[in-house]
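Dear colleague,

Please find below the structure that I am handing over to you. My notes on what was found in it follow directly after.

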Amino acid sequence: MRFSFAGVEYEGREGETLAAALVRNGVLGGFRSPYRDRPRGVFSDGEEEPNALVRVGDEPLARATLVELEEGLVAEPVAGKGRLEPPRRERRYDSMHAHCDVLVVGAGPAGRAAAAAGGGDVILAELGRCAPLDGVRVLERTAVVGLYDGNLAVAVERGRRLWRIRARRIVLATGAVERPTLFEDNDRPGVMLAGAFKRYGRPAGATPVSGGFTPRVQLWRQAGGRLRWDDRVGAPVPDGELRAVACAGSVTGEGLPDAPPFALPDGEEGRIFVDLERDATVADVRRAVAAGLRSVEHVKRYTTIGTGPGQGRTSGVLATRVAAELLGVHPGELGTTTARPPYLPVPFALLAGRNRGPLFDPVRVTPLHERHVELGAVFEDVGQWKRPRYYPRSGEEMDAAVLRECAAVRERVGMQDVSTLGKIDVQGPDAAELLDRLYTNLISTLPVGMCRYGVMCRADGMVFDDGVVMRLGEGRFLCTTTTGNAAAVLAWMEEWLQTEWPELRVWLASVTEQWAAVAVAGPDAREFLQPLTGVALDAASFPFMAIREGEVVGIPARVCRVSFSGELAFEVWVDGRRGHELWRALEGAGGATPYGTEAMHVLRAEKAYPIVGQDTDGTVTPQDLGMDWVVSKKKGHFVGKRSFDRPDTSRADRKQLVAVLPADPDELLPEGAQLVADPDVPPPVPMLGHVTSSYRSAALGRTFALALVRGGRGRVGETVHAPLEDRVVPAVLAEPVLYDPEGRRRDGRPA
Amino acid sequence: MAVLREVPVEAQVLVRGEPRPRFPLEPNTSAGDVLWLGPDEWLVLGGREAEYADAAVAVDVSAARVVLELAGDDAREVLAQGCSLDLRSGSFGPGRCAQTLVARTEAILHCAGDDAIRLLVRPSFAPYLRAWLEDAIDGVRR
């Protein structure tokens with residue numbers, strides 16, 4: 001087969017590596033060193049190769065000794081440092097989990113013997129090619145690159161598949177790597193390790209060298225194994241035992257030839273190379289030692305020896321021996337460097353695997369999603385959910401669409417998919433007690449068939465989540481949470497229940513997706529919905545915060561009179577599988593305008609209903625939000641109560657939620673804008689607070705914002721300034737509730 | 001080659017408290033359509049809340065999970081691409097179940113037969129899990 005290297009075509013053979021083919025074609029050089037630009041050539045025939053680095057296709061830094069030839073392969077030499085470029089062709093990287101009784105790493109004689117000995121399910125991983133073995137799962141061309149707690153091995157198969165192998169026992173038969181020797185110009189092309197020289201067929205013009213063998217102890221070290229210096233081998237070998245990891249074969253040092261005597265050679269030390277990947281020489285080690293460094297870890301950092309892609313595979317022990325010689329100590333006294341995963345470089349693309357593109361992260365959608373798409377909704381990400389942000393009509397910009405949707409809810413009736421709200425079923429004789437302890441307000445006094453707004457704080461008294469609590473029975477509640485916090489709130493409740501109050505007889509269940517829910521909101525909500533349901537919707541029969549069971553458009557439903565806009569509103573909950581049918585029937589009834597999260601945000605902000613995570617940031621108490629009323633004065637204890645008595649949480653100058661009205665009613669403040677009293681004082685300008693929400697309001701006929709402002713409630717009426725990039729915007733602080741502060745619209749259009 | 005399909009399940013109920021007759025007691029096992037999820041927690045496929053009125057707690061979760069089934073002699077290999085559990089037939093044979101992660105979503109796995117593994121997943125995650133499984137089937141085929 002044909003292949004090319006550095007623009008020259010050569011003849012290759014099936015099953016040959018690129019390095020072998022180059023050497024057989026008489027190419028002993030062809031590479032350059034990374035820092036000194038010295039000529040280099042193939043030095044080894046294994047994964048320890050320091051010189052023969054190539055770019056092959058999209059692989060920016062491959063070892064020619066590991067690249068198998070294919071027809072038409074094109075390789076370019078790389079001087080030490082690869083350059084990552086956008087892939088020219090899509091390559092599939094994936095991952096695989098496996099479990100086995102025995103994992104053997106390395107298929108040399110010791111590894112094959114260990115695998116053949118059996119002991120249950122056996123996996124044999126070999127870096128190169130490997131003949132099949134009866135009853136053994138063989139993974140050839142597979143590099144085990146990491147060993148982790150619990151006998152977890154991470155391996156790379158053919159550079160394309162990441163294996164996570166959980167084994168009861170691991171046998172390391174990783175063998176040993178030949179060491180170079182030291183002499184002047186020991187880096188020149190043609191100098192190669194003696195074993196490679198033999199296996200390459202004693203190429204003409206090449207010079208074999210051998211300084212003995214170094215056991216490949218990296219995985220043993222990663223597993224937590226100790227080492228001891230072996231004078232006969234002239235290198236560290238595994239010492240002691242590990243519970244589930246054992247070494248076999250020459251990695252133990254046994255069977256390796258005696259190391260030749262070691263001495264510093266004569267010659268120019270700046271041309272006696274210790275680490276070919278870093279162009280580091282005996283002179284560099286001498287400088288490090290002269291600077292007072294004695295530990296090999298320090299010598300490594302000073303000289304960069306062992307920090308190249310090969311991580312000291314051929315240079316580590318050599319550097320230790322040189323330093324010991326210069327210091328006049330035994331090499332065993334200098335210690336060893338730490339071996340960390342990965343043993344061989346792993347491409348990021350492999351670690352990403354299939355978690356990219358459409359599979360990068362789950363996209364969660366509600367049962368009504370398809371219809372939102374049909375309606376042309378523009379979506380926004382809320383956690384992993386896609387929620388309709390607004391529904392533009394043809395030619396309509398976002399601002400116009402949102403103003404139209406807001407106006408529909410304020411003046412007529414709108415409908416919104418609110419299925420993403422977290423929903424937790426709380427049941428048991430002590431359910432009310434649990435909720436009393438977790439919410440800041442009293443839940444136990446809630447009558448069956450009614451619901452109540454509730455706030456949860458962390459132990460530090462800061463708002464954690466809010467939602468509506470429904471009492472469905474004496475011992476049965478349903479708590480809603482914010483969309484993004486559903487899992488966190490359930491975990492929070494379980495934590496208290498399981499670790500602090502196991503005596504409470506309460507059981508929790510996530511029912512978020514059991515229900516699809518549609519909010520019908522606006523002064524005409526009653527007139528719109530009444531013809532579609534047998535549930536009496538008039539104010540006397542169905543008061544604010546009441547719950548009714550019945551049918552809506554023929555579907556069994558739970559209807560709740562809750563409002564996140566200040567308007568008369570009903571939430572209709574049905575079995576999630578019938579959500580789409582409900583929405584279509586409501587649409588079909590005509591007259592209700594679909595509205596998205598952006599309109600919802602504007603409407604709730606006009607009423608100063610905070611959004612946890614937008615108007616709060618983990619440093620905000622219910623009192624800061626102006627919601628003293630939601631913090632019970634009667635309850636003996638609830639999570640966060642103690643913190644409300646801390647001096648810091650009752651300071652008068654805490655940041656408090658207020659409304660902000662820019663002087664220019666068309667000026668939309670950016671969310672996050674800082675607010676200051678006087679923009680003209682020299683820096684540092686004291687900050688008063690920041691804008692948390694900012695919108696255009698159809699109902700107010702102007703822009704407005706919510707902000708957390710130091711002592712804000714006491715500053716209502718004051719003018720503050722928002723210094724923006726190119727101008728300073730004056731604005732007046734106002735009471736937070738800008739729309740219908742008397743709450744007259746809650747029951748419908750005021751008379 | 002593994003085949004993915006959705007299994008229609010009309011009703012599901014989560015039962016908490018004391019075990020009832022025919023409920024499995026061994027962790028991570030099933031008895032018929034009753035799956036052990038915890039020491040006091042079972043999921044009854046086909047069960048309805050009203051049938052368990054005398055349990056400590058029964059919650060209708062009929063719409064809370066979609067049931068997918070992956071069948072074929074390489075079904076386990078498909079799943080192993082994104083699930084760290086030991087799925088070998090000796091460890092996860094017929095009648096075994098587990099709550100775990102598959103790729104980036106939670107799922108309940110239930111081994112319904114020698115070469116059939118069911119995945120119970122939240123409906124909102126189902127499109128993702130389907131797409132992931134179809135991609136993984138493709139990965140095994142290569």
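Which residue in S5(B) is the bridge partner of Gly38(B)? In this predicted model, the partner of Gly38(B) is Glu41(B). The bridge belongs to the pairing of strand S4 (residues 34–38) of chain B with strand S5 (residues 41–45) of chain B, which run antiparallel and are joined over 4 bridges.

These two strands are part of an open sheet of 5 strands in chain B, arranged in the order S3-S4-S5-S2-S6 with antiparallel pairing. At the edges stand strand S3 (30–31) and strand S6 (57–60) of chain B; each has a single partner strand, so one side of each is left without a neighbour in the sheet. As background, strands of a sheet pair through backbone hydrogen bonds, either parallel or antiparallel.

Turning to chain A, the fold comprises 16 helices and 41 strands. The radius of gyration of chain A is 36 Å, whereas the globule rule gives 27 Å for 751 residues; the value is well over that figure, so chain A is more spread out than a compact globule. Along the principal axes, the C-alpha atoms of chain A fill a box of roughly 105 × 70 × 55 Å. Of the 751 residues in chain A, 49% count as buried. When contacts in chain A between residues at least 6 apart in sequence are considered, 61% of them join residues at least 24 apart.

One helix of chain A may be of interest to you. In helix H2 (residues 109–116) of chain A, the buried residues are Ala110(A), Gly111(A), Arg112(A), Ala114(A) and Ala115(A). The elements of chain A that cover these buried residues include S8, strand S9 (122–125), strand S10 (136–139) and strand S13 (161–172). Just after H2(A), Gly118(A) adopts a positive phi of about 75°.

Finally, I come to the interface between the two chains. Here 29 residues of chain A are in contact with 28 residues of chain B. On the side of chain A that touches chain B, the elements giving two or more residues are strand S8 (94–105), strand S26 (422–427) and strand S30 (507–510) of chain A. S8(A) provides the largest share of that side, with 6 residues. S8 of chain A is also among the elements that cover the buried residues of H2(A). By class, the side of chain A that touches chain B consists of 11 nonpolar, 9 polar and 9 charged residues.

Yours sincerely

Methods:
Residues are numbered from 1 along each chain as its sequence is written. Chains are lettered from A and ligands numbered from 1 in the order in which they are written. This is a predicted model: local features need pLDDT of at least 70, side-chain atom pairs count only at pLDDT 80 or more; totals for chains, interfaces and linings use all residues. Two residues are in contact if their C-beta atoms, placed from the backbone, lie within 7 Å. Ala, Val, Leu, Ile, Met, Phe, Trp, Tyr, Cys and Pro count as nonpolar, Asp, Glu, Lys and Arg as charged, and the others, Gly among them, as polar. The radius of gyration is taken over C-alpha atoms; the globule rule is 2.2 Å times the number of residues to the power 0.38. A residue is buried if 20 or more other C-beta atoms lie within 10 Å of its own, exposed if 12 or fewer, and partly exposed in between; C-beta atoms are placed from the backbone. Two strands pair if DSSP finds at least two bridges between them.
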